[in-house]
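Hi everyone, and thanks for coming. Please have a look at the model on the screen, and then I'll walk you through a few places in it.

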Amino acid sequence: MTKQVILAAHFPGVNNTTVWSDPASGSQIAFDSFERFARTAERGKFDFFFLAEGLRLREQRGRIHDLDVVGRPDALTVLAGLAAVTTRLGLTGTVNATFNEPYELARKLATLDHLSGGRAGWNIVTSSDAFTGENFRRGGYLDRADRYTRAAEVLQTARELWATWPAGEVVADPASGVFVRHGAPGAFVHKGQHIDIEGHFTVPRSPQGRPLIIQAGDSGPGRDFAARDADAIFSRHGTFEDAKAFYADVKGRMAGFGRRPDELKILPASTFVLGDTEEEARERAHHVRRQQVSPQTAILLLEQLWNKDLSDFDPEGPLPAFDPVLDDDSIIKGRARMFDDPVATAQQWRALSEEKGLGIRDLIIEVFGRQTFIGTPASVAETLNRYVQEDAADGFILVPHIVPGGLDEFVDQVVPLLQERGVLRADYTTTTLRGHLGLAHE
Ligand SMILES: Cc1cc2nc3c(=O)[nH]c(=O)nc-3n(C[C@H](O)[C@H](O)[C@H](O)COP(=O)(O)O)c2cc1C
């Protein structure tokens, strides 16, 4: 059976890949940037809009890491605003399970589901670093090993809270003078390892019963969490073979939790650059990469591997001849560690730089990845569809490099080709996010 391609639109995050230096780049915080981006996604019949979250500004060498775009408003509040200016597009946001309480989370997400008529989704992340924790009352109290036991319990508790109001509980019947059917709605008791609460939940059952649950961690425990509890995964595995291996791994874990493979949608983060010819697309892609890796950013990214101040190095010059500093204290704070074996990676980078004659900036451009899909609209549509039909993905979370116009070309040029192939809806046929993805309501 031909699978449908799921499409999500990621308002690009706080990373060097978000280009703020281009004349076409608009505000990172004004509501009209979010609105314009979301409206474009809805025009393209996307399944959902997606926002990341950062709970502390990153620092590098003790300075705020502003080159990666700093200062973004709160995700759920932005989504609530977008609920008023869109009608069908799913609205999903990243919200941390470590630093938030399940009662608050459940209230806010059920509220978003009400405001949007059943279009809410929650990307549960678990970042537990003490640096971020300094912003919160409990500080960095959670051991890294516990991040998923807490996340699982937070989600379980939220599900219990969402289930406390049966459908049709509010009757508001003037004739009998009855407002709620059962007198004391929302009663709950949860006593567990991390959460010990009881009371009454304040928000009546929302249209989806519970929002779409998305997971975005990559470790073994993260994959098990997704296989057991999530409706979708935001993955980092974008190249075809890697994506296929990830897909098989995660879907293979599901039977152990009594679930069918089609109950979890796997959506790699994907970038794209289009051109009228393949060559033009490649040239544009190279230009975008140079915007994403400015000379200053090249040095900062190099420092993240070397874990050392390299501000004296020439971005066009050779890599450091010495090895990276191995230290638990990272030069970058507020970002997950990106390299398992820095010394080995540095050796590979040096070898590549010598082999291809690359200075620091060109080397960084090369090793920090190219865009996922580069080509003409026809070739990109064909490749996206191949990924889905050959089980490397169920769809994609597309991350343009610019706001608010970064999705325009895709929606104007690639979406019609996917629709022609019958793998993307010509119009919405359901009103809720779970409905768009073919998932049951609770
Ligand atoms: C594609 C992707 C996107 C993520 N986005 C965010 C984010 O926006 N905010 C955040 O706090 N963590 C984010 N994370 C972090 C993870 O959700 C997770 O909490 C962290 O990677 C630890 O889990 P792990 O050890 O299973 O990878 C992201 C992870 C992945 C793979």
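Let me start with a definition: a residue is called buried if its relative accessible area is under 20%, exposed if it is over 50%, and partly exposed in between, using a 1.4 Å probe and protein chains only. Also, this is a predicted model, where local features need pLDDT of at least 70, side-chain atom pairs count only at pLDDT 80 or more, and totals for chains, interfaces and linings use all residues. Residues are numbered from 1 along each chain as its sequence is written, and side-chain values use heavy atoms, with hydrogens and water left out.

Now to Asn307, which is buried, with a relative accessible area of 11%. You'll find Asn307 in the loop between helix 9 (295-306) and strand 15 (332-333). Helices here are DSSP runs of H or I with at least four residues, strands are runs of E with at least two, and both are numbered from the N terminus. What is the phi of Asn307? It is positive, about 55°, although Asn307 is not a glycine. Most residues other than glycine have a negative phi, and most peptide bonds are trans.

Lys45 also has a positive phi, near 60°. Lys45 sits in the loop between helix 1 (31-43) and strand 2 (48-51), and is buried at 18% relative accessibility. Which residue does Lys45 form a salt bridge with? The partner is Asp427, and the closest N and O atoms are 3.4 Å apart. By salt bridge I mean a side-chain nitrogen of Lys or Arg within 4 Å of a carboxyl oxygen of Asp or Glu. Asp427 belongs to the loop between helix 13 and helix 14 (433-436), so this pair ties together parts that are 382 residues apart in sequence. Asp427 itself is partly exposed, at 45%.

The structure holds 33 salt bridges. In another of them, Asp309 pairs with Arg61, again with 3.4 Å between the closest N and O atoms. Asp309 is in the loop between helix 9 and strand 15, while Arg61 is in the loop between strand 3 (59-60) and strand 4, so parts 248 residues apart in sequence are tied together. Salt bridges with shared partners also join Asp218, Arg223, Asp224, Asp249 and Arg253 into one network.

Asp218 takes us to the ligand: a backbone N or O atom of Asp218 lies 2.9 Å from a ligand oxygen atom. That is a polar contact, meaning a pair of N or O atoms within 3.5 Å; within protein, one must be able to donate a hydrogen and the other to accept it, and residues adjacent in sequence count only if both atoms are side-chain atoms. For Glu53, a backbone N or O atom lies 2.7 Å from a nitrogen atom of the ligand. The side chain of Arg144 has an N or O atom 3.5 Å from an oxygen atom of the ligand.

One last stop: a cis peptide bond joins Val403 and Pro404, with omega about 0°. Pro404 is in the loop between strand 17 (395-398) and helix 13 (408-420).
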